[in-house]
Amino acid sequence: MTDPLVPAVIETVDMALRSYLLTPASELKLTNPEEVQEAIRGLNVGKAPGPNGIPNRALKHLPQRKVALLAHIFNAIIFTRHFPTVWKHSRVICILKLKKDPALPSSYRPISLLDTIGKLFEKVLLARISHEVSELGLMRDEQFGFRPRHSTSLQLACLVERVTRKFGEKRLTGAVFLDVAKAFDIVWIDGLLYKLTLLNFPSYIVHTISSYLRSRTLEESIQTTTPFRRGLRAGMAQGGLISPVPFSLYVNHMPSPSHHVELALYVDDMAIIATSRKPTLLVSYLESYLNDLQ
């Protein structure tokens, strides 16, 4: 049975976005050749090229006047808030997992290759997104995904320290680990944009992200099959540089835990940790938070 609240939520989001798209653009933060050159320096030359066939190594050999031209193009994108259609196409290569049945689609790991210059612009846009997240203090403390000085190793160390500390206090520790299947693929685009407006993101960033996410296409092939192209109607761009941060904001509103429960988050991975001297209470705390989360 369909949740009766769903149509009302969709209508609310749709009306809010239509109104927001008519508002004047906020103050633009344009780029410059120096920022683009710094972004080029950080490119990994070992990455495979996307559909345009241009490797990162080629960008590292661009003369200064061509870097200035890229900065001009990037500023035009920021000004018009339109992400070029040709950069929204990805080539997906499916690699067979070790010791898996090649006849099953789930046995393959998809690798999404995006346009090299488009990903370079993503680095410029990501810098503006990350700045707003930091300035507005939007990311919850438990989220370690794609934040400065918040690595997976540090999150794991914090988790181990919590368990060890509670063990020293003669308390039991229990945890539930959640991994949302195909998390990036099922993001409701309008819902994400609506949340960004509620967080007071600059309108030019919201408009650009909207253009970046909509009307994307991909082509994929498995072994010897002929590649075919299809459109995407939902989800974040797989392999995109900016995707993890908006996704983290998309799930950022999960309920705050009680003093018996702690969270450990890394983008779409989540650990719910509870402590108690009694196993029955431990289970109760975890179940209570899972009900709130649902």
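**Cores and pockets**

Tutor: The largest nonpolar core has 47 residues, and those with the most contacts inside it are Phe74, Leu120, Ile129 and Phe201. A nonpolar core here is a set of buried Ala, Val, Leu, Ile, Met, Phe, Trp, Tyr and Cys residues joined through side-chain atoms within 4.5 Å, where buried means under 20% relative accessible area with a 1.4 Å probe, protein chains only. This is a predicted model: local features need pLDDT of at least 70, side-chain atom pairs count only at pLDDT 80 or more, and totals for chains, interfaces and linings use all residues. Residues are numbered from 1 along each chain as its sequence is written, and side-chain values use heavy atoms, leaving out hydrogens and water.

Student: What does Phe74 contact beyond its neighbours within four places in sequence?

Tutor: In general, nonpolar side chains tend to be buried together in soluble globular proteins. Counting contact as heavy atoms within 4.5 Å, Phe74 meets Thr31, Val36, Trp87, Ile117, Leu120, Phe121 and Val124. A second, separate core of 11 residues includes Met254, Val261, Leu263 and Ile272.

Student: Which residues lie nearest the centre of the largest pocket?

Tutor: Rolling a probe the size of a water molecule over the atoms shows where empty space is left. A pocket is an open set of points on a 1 Å grid where a 1.4 Å probe fits, with protein on both sides within 12 Å along at least five of seven lines; lining residues have an atom within 4 Å of a point. Here, Pro110, Ile111, Ser112, Gln238 and Gly239 lie nearest the centre, among 46 lining residues.

How values were computed
Buried < 20%, exposed > 50% of the residue type's maximum accessible area, 1.4 Å probe, protein only.
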